[in-house]
Amino acid sequence: MKELERTKRVSISAVLFLLVVVIAVLTFKKPEYVFEKSAEETLEKIVEKDYIISQNDFEQLVETDYEIIDIRSNYEYAKGHLDGAINISTINVFEKESSSFLKEISDVSKIAILYGEHPDEANSAWMLLYQLGYENAKILCIETSFVNNQFQVKDVNLERPTVNYAKVLKSLMDKEPVVVKEKKKPKKVITAPKKKKRVPEGGC
Amino acid sequence: MKNKKQKNRHVYWNPYFGGFLMGLLIILTFYLTGRGLGASGALKSGVVTIVDTVATTHAHSNEYYSKFLSEDKSPMNNWLVYEAIGVLFGAFLSGAFTGRIKWKIDHSPKITSKRRLLFALGGGILFGLGAQIARGCTSGAALSGMAVLSTGGFITMLSIFGTGFIVAYFFRKNWI
Amino acid sequence: MGPLIPNGLIPLEWNYVIAILIGMAFGYILEASGFSSSRKLAGVFYGYDFVVLKVFFTSAVVAVLGIFYMDYLNLVDITQLYVHPTYLWAAIIGGMVMGVGFLAGGFCPGTSLCAVAIGKIDGIVFTIGLMIGIFIFAELFDVLEPLFVGSNLGNITLVDTLDISPYWIIFIFTIIALVSFVISDIVRKKVKKVFY
Amino acid sequence: MSKKYKSKKIIITRQYQILALILVVLAGVLVLLPKQTRSEGVSPLVFVKQAVSSERYISTDQLADRIINQDPTLLLVDTRSKKEYEEFTLPNAINIPLEKFFDEEFNDFLNQDVYDVVLYSNDNFYANEVWMLGNRLDYKNLYVLSGGLNEWFNTIIDPQMPKETDSQKEFELYSFRKAAGMYFGVGVPKTETKAKIKVEKKSTKKVITVKKKKKRVPEGGC
């Protein structure tokens, strides 16, 4: 029935335990960036699709309500960009200046209008920002390019099938192989209305 | 030497030290495997294996056994079985170091060994039954459950010890 | 981030090696704390030996503290840990049956294995009894099934049940454990000593 | 003797008090520590690196090649709506509309490490969103069909004849695309293709789940 009455071992181990915990807590660095939104919440938001803003709607906005953010690389930005756009490329979102700027505009609930070469590109940035908790970001639905020393912008239709697949496939299948081979059907291009808008000075 | 062992025989660790190490072990177990300790699961695997070898058709038709039987895997091929083997080894080592290994029956001087063994058997049967109903024994349900604040673990623990205190009076002769 | 094996940080082949090592440590600690003696175990119900209570509560407090600190420090993801499922009535009735069995037999499964290892005959008999009990349960499964699968509350924790922060629960639990240690020492002094 | 014993006893009590204090302090600190938000999945820093890289894209030619060679590790996932999926989709593709990304039944397809999952929609947009959600949760082997079905149509089903002045390579690509188009039912007598199309809809992939991602180990305890 006897047990060791000595407490030496208990004391030593308890103190060690305490030390380990204290050291662990003191040396613990909080992860600087955490996603505030869970993946489920993000999905809910994605399905709504209200974070995509077309160029028309964008023009209706009051100037002071938004900041335009160019998420392309510095180099692309330097070549040409929308008027008043600020360059924060996606990979640099975590840089001090960028994150403090983003924070600032989210605090005054300005809308951060994101654009890139294509909405796809802006989408990456938007996903990142939304999950980080910036709920005020929107994607500007435009395609930008730099052609002939001109910064060009055009509208895009997202997720619009260019052709009616089933129909075209059927018509193609109905044709004899020989006919298909000879046929040079011009590629159907996205027939979005080309609107030249906001063409800045061209070049840097 | 022998004298020293004799003296050592009944000296156990300071309970707080034992508890502390056990706590660390539970942490380690959860950290490594994501689950707690257990003991009765191994015995269950043993029973299933025995029944399966003695009466295969019966084992497969019984709803409870068939839960643990699969075509390609023996029920003995289970984490808890290996753990139980480890327990046997570990306890043997500890007993060997302190010279506690001996054929022996623990009981109150007031009762005979036979009575003690009968009660042990009966208690074992009840405990086995209860452990299956509650899905775990003191180590699996109560101890490991409490470590992750499982409600079921706390309920089981309170239920075991509560009942224990209530019925302690009837079994006093066995122990005191 | 832990748990290591479910997250694939340790290959699955090591699982059983780790099982044996953990089991050895478990058995060693149980035996060295005196859990292989049934009279010592039963002492907690008669107030002459509180080793069960002390070991049990100390380990629970240390484990719960350690796990929640590790969770806080991002070392282990607490949501991935196995939480013993709560089947309310199964837990209560099973616990009661176990309570009676504990008093009659003087062991619980883990400790009976320790007793077997050091040659306690009552431990061996108890283990045989355990297996018979499990056998009986399996044979009576049709009768016991409603109890076994009924009142399933899922893998819930006290946080879900009581709806307070886990840290407060731990704090309260720690205090309860410490108070119980003090009380047990007082009781033990009052109760007549039993030698064995 | 007894006095000595008594003083020893007091020291021991003192030590126990200190030990108790340590436990209380540890528990108390846990209560007082500042709470932190926790999020599942990869860290934002990892996420952004993956999101800006174009490694996830697979070109229509590569995909056609893999389909024709009947690559067993390929799993096509159509992220458009059910209606669109029923009208036309790629052979053996399964339909996981964007909003059903977290449905239990599809988890086994997305979160696994057996197949290369190729996501597609009409263009890149939906597929990219699904891909990024997957990336967030650290799902492996997800790819996006570059340009989506629009690109698929323009290149495989209805490729443009290269100009006379184009390089040999262009012509090789063109003939590959033509042949691939043939495989997918363009320019083959009607009766055969009808049958083919019917087969296309069925997905016969067997699902093998990743064990490691399971949130709770089903069997535990005693």
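## Sheet of chain D

In this predicted model, Leu74(D) stands opposite Asp116(D), a residue of strand S4(D). The two strands concerned are S2 (residues 74-78) and S4 (residues 116-120) of chain D, which pair in the parallel sense over five bridges. Both belong to an open sheet of five strands with parallel pairing, in the order S1-S5-S4-S2-S3 (chain D). Strand S1 (57-58) and strand S3 (94-95) of chain D each have a single partner strand and stand at the edges, so one side of each is left without a neighbour in the sheet.

Chain A contains eight helices and seven strands. Strand S2 (residues 66-70) of chain A is joined by five bridges to strand S4 (residues 111-115) of chain A, and the two run parallel. Within that pair, Glu67(A) has Ala112(A) as its bridge partner in S4(A). S2(A) is also joined to strand S3 (residues 85-87) of chain A, here by three bridges and again in parallel. In S3(A), Ala85(A) is the bridge partner of Ile68(A). In a regular strand, side chains alternate between the two faces of the sheet.

Chain A has 204 residues, of which 27% count as buried. Of the contacts in chain A between residues at least 6 apart in sequence, 67% join residues at least 24 apart.

## Contact between chains B and C

Chain B places 106 residues in contact with 111 residues of chain C. On the side of chain B that touches chain C, the elements giving two or more residues are helix H2 (15-33), helix H3 (40-54), helix H5 (63-68), H6, H7, H8, H9 and helix H10 (172-175) of chain B. That side of chain B has 61 nonpolar, 34 polar and 11 charged residues.

One helix pair can be described in more detail. Helix H8 (residues 138-147) of chain B packs with helix H3 (residues 51-72) of chain C at an angle of about 40 degrees, the axes being 7 Å apart. From H8(B), Leu143(B), Met146(B) and Ala147(B) take part; in H3(C) they meet Phe56(C), Ser59(C), Ala60(C), Ala63(C), Val64(C) and Ile67(C). Eight residues of this contact are nonpolar and one is polar, with no charged residue. An α-helix has 3.6 residues a turn, so residues three or four places apart point the same way.

## Helix H9 of chain B

Helix H9 (residues 151-167) of chain B has 17 residues, which at 1.5 Å a residue should span 24 Å; its end C-alpha atoms are 24 Å apart, in agreement. H9(B) is mostly covered, with 12 of its 17 residues buried. Among the buried residues are Phe154(B), Ile155(B), Met157(B), Ile160(B) and Phe161(B), along with Gly152(B), Gly153(B) and Gly164(B).

The buried residues of H9(B) pack against elements from two chains: H8 of chain B, and helix H2 (38-46), helix H4 (88-105) and helix H8 (158-162) of chain C.

## Pro109 of chain B

Pro109(B) sits in the loop between helix H6 (79-98) and helix H7 (113-133) of chain B. Pro109(B) counts as exposed because it has 8 C-beta neighbours inside 10 Å, where the cut-off for exposed is 12 or fewer. Pro109(B) and Ala168(B) are separated by 59 residues in sequence, and their C-alpha atoms are 18 Å apart in space.

How values were computed: Residues are numbered from 1 along each chain as its sequence is written. Chains are lettered from A and ligands numbered from 1 in the order in which they are written. This is a predicted model: local features need pLDDT of at least 70, side-chain atom pairs count only at pLDDT 80 or more; totals for chains, interfaces and linings use all residues. Two strands pair if DSSP finds at least two bridges between them. Helices (H or I, at least four residues) and strands (E, at least two) are DSSP runs, numbered from the N terminus. A residue is buried if 20 or more other C-beta atoms lie within 10 Å of its own, exposed if 12 or fewer, and partly exposed in between; C-beta atoms are placed from the backbone. Two residues are in contact if their C-beta atoms, placed from the backbone, lie within 7 Å. Axes are lines fitted to C-alpha atoms, for helices over the stretch in contact, and angles run from 0 to 180 degrees between N-to-C directions. Ala, Val, Leu, Ile, Met, Phe, Trp, Tyr, Cys and Pro count as nonpolar, Asp, Glu, Lys and Arg as charged, and the others, Gly among them, as polar. The expected span of a helix is 1.5 Å times one less than its number of residues.
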